[in-house]
Amino acid sequence: MSTSYGMPTELPDSLDDSAVLAAQGCADFFQDAGSMARCRVDFDTSVGDETYTTLKSSTQFMQKFVTALCYEIIPGVKEMREKEMFALANAKIELKQLMEKEGMSSLENQEEEMSVGDDDEGAEKKATSNPRFNELKLIIQNGGREPNDSSTPLWTGPKARVYFPDEGSAALARRDWNPSAANPEDALVPPCVEFSSCGGVQLQDISNDELIFFFCPRASEAEFVEEVLSRSEDMLGDQLKLTVFVNPLLVDMGVTGFGMAGRMLRERLIDRLVQTYYLRTLPWGALTRLYPRQFTVWQEDENAQDGYRMIKSMDRLPSNPEVEDIYDIENGIANDPEKAKGFGFLDALGDFVNGMTKL
């Protein structure tokens, strides 16, 4: 059990920091809740700017968040990356020593000079005749990753699956996120990550899935999301460690409505999701939460050490009007109703008169 319960949530230092914090919050929740846990992560730094869709504006965060959570949850992934980084560093050191032994300039010096002298050419021919020289260059070229036959899967362990709203988005992610890159530095996510879409015929093998993400699922995909989640939990059981909804928009007036259908969806699915990370920027500050800490409202303040000061901390997500009220009360624009108790009739009368004068 974490010792952070009831404490305020600090603001992240950067997008990368947000992704790592979100992963830590999800991992902590999994440790508390156990297998088949469900949670949600909301990340919105648009401040109301609708130039880009939620999916597009949060893609970079999602890439880094998926990577960080895979390192936390999927066994062997972090160790594989550390092994590659260690192999790359060792290969660079050994190659430098080999080149110095043969009287060659280092790779860095050759790049700076943009030319190779006769002595270096002779030394290079001598060095390249050494099989170890070419082995080391290949290790460096592959970023420390062992050369892999394209017919052999790069990763055969537990999987993390990301469900996109449609097949087009999933196909773009397969290409751009490139988890199976020959060089890990060219991959935006680890090799354990696979991609699926909400809708259509599902042909992927999900038998090794341990971690599921639903990335920006929309109200039109709500039925599919429920079906896939139920089928995955029934099939995988305790093997499925965690399901994370990232920026879900599963209730919409034009699709589910806010009546009975919307309420039932909330009861079955949405209300069960624990908010493990929340960050929303505001015109005057930000609202954030990292599980198991509290939701915390921050206001920009040039006199504060980090440029922000905390103005409210609470154990639930405040509504939009509540957030604005918190700002107004803090800045003397409105009265704090808690402090005004005992003068309710006079305050109500004053509010009525003020309202009438504005008509």
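Predicted model: local features only at pLDDT ≥ 70, side-chain atom pairs only at ≥ 80, totals over all residues.
1. A quick word on terms before the tour: a residue is called buried when its relative accessible area is under 20%, exposed when over 50%, and partly exposed in between.

2. Staying with Glu226: its side chain meets that of Arg268 in a salt bridge, 2.8 Å from N to O. This pair links distant parts of the chain, since Arg268 sits in helix α10 (residues 260-268) and Glu226 in helix α9, 42 residues apart. Arg268 is partly exposed too, at a relative accessible area of 38%.

3. Now for the other salt bridges. The count comes to 19. One of them joins Arg38 to Glu233, with the closest N and O atoms 2.9 Å apart. Arg38 belongs to strand β1 (residues 37-44) and Glu233 to helix α9 (residues 222-236), so this contact ties together parts of the chain that are 195 residues apart in sequence. Are these two residues buried or exposed? Both Arg38 and Glu233 are buried.

4. Arg218 and Glu221 also form a salt bridge through their side chains (2.9 Å, N to O). The two partners fall into separate classes: Arg218 counts as partly exposed because its relative accessibility is 37%, while Glu221 counts as buried because its value is 7%. There is a network as well, in which salt bridges link Lys159, Arg161, Glu194 and Asp209. As background, side chains of opposite charge can pair when their charged atoms come close.

5. On to the sheet. It is open, it has 9 strands, and the order runs β3-β2-β4-β5-β1-β6-β7-β8-β9 with mixed pairing. On average, neighbouring strands are turned by 20 degrees against each other, if direction is ignored.

6. For a look at one strand pair, take β2 (residues 159-164) and β3, which run in the parallel sense over 5 bridges. Within that pairing, Tyr163 has Ser196 of β3 as its bridge partner. Helix α1 (residues 15-33) packs on the sheet, where it touches β1, β5 (242-246), β6 (274-282) and β7 (285-290), and its direction makes about 165 degrees with that of β1. Helix α11 (residues 320-330) packs on the sheet as well; the strands it touches are β6, β7, β8 (295-300) and β9, and its direction makes about 125 degrees with that of β9.

7. Next, the nonpolar interior. In general, nonpolar side chains tend to be buried together in soluble globular proteins. The largest nonpolar core here has 46 residues, and the members that touch the most others are Phe65, Leu69, Leu211, Phe213 and Val244. Apart from this core lies another one of 19 residues, among them Tyr163, Val228, Leu250 and Leu265. Which residues does Val244 touch, leaving out those up to four places away in sequence? Its contacts are Cys26, Cys39, Val41, Phe65, Leu69, Leu211, Ile212, Phe213 and Phe214.

8. Just after α7 comes Gly143, with a positive phi of about 65 degrees.

9. Lastly, some backbone spots to check. Met36, although not a glycine, has a positive phi of about 60 degrees. Met36 is placed in the loop between α1 and β1, and its relative accessible area of 33% makes Met36 partly exposed. Cys216 is another residue other than glycine with a positive phi, near 55 degrees. Cys216 is in the loop between β4 (209-215) and α9, and with 7% relative accessibility Cys216 counts as buried. Finally, the peptide bond from Tyr291 to Pro292 is cis, with omega near 5 degrees, and Pro292 lies in the loop between β7 and β8.

How values were computed:
Residues numbered from 1 in each chain as written. Heavy atoms only, no water. Helix = DSSP H or I, 4+ residues; strand = E, 2+ residues; numbered from the N terminus. Core = buried A, V, L, I, M, F, W, Y, C linked by side-chain atoms within 4.5 Å. Buried < 20%, exposed > 50% of the residue type's maximum accessible area, 1.4 Å probe, protein only. Contact = heavy atoms within 4.5 Å. Salt bridge = Lys/Arg side-chain N within 4 Å of Asp/Glu carboxyl O. Pairing = 2+ DSSP bridges. Axes fitted to C-alpha atoms, helices over the stretch in contact; angles between N-to-C directions.
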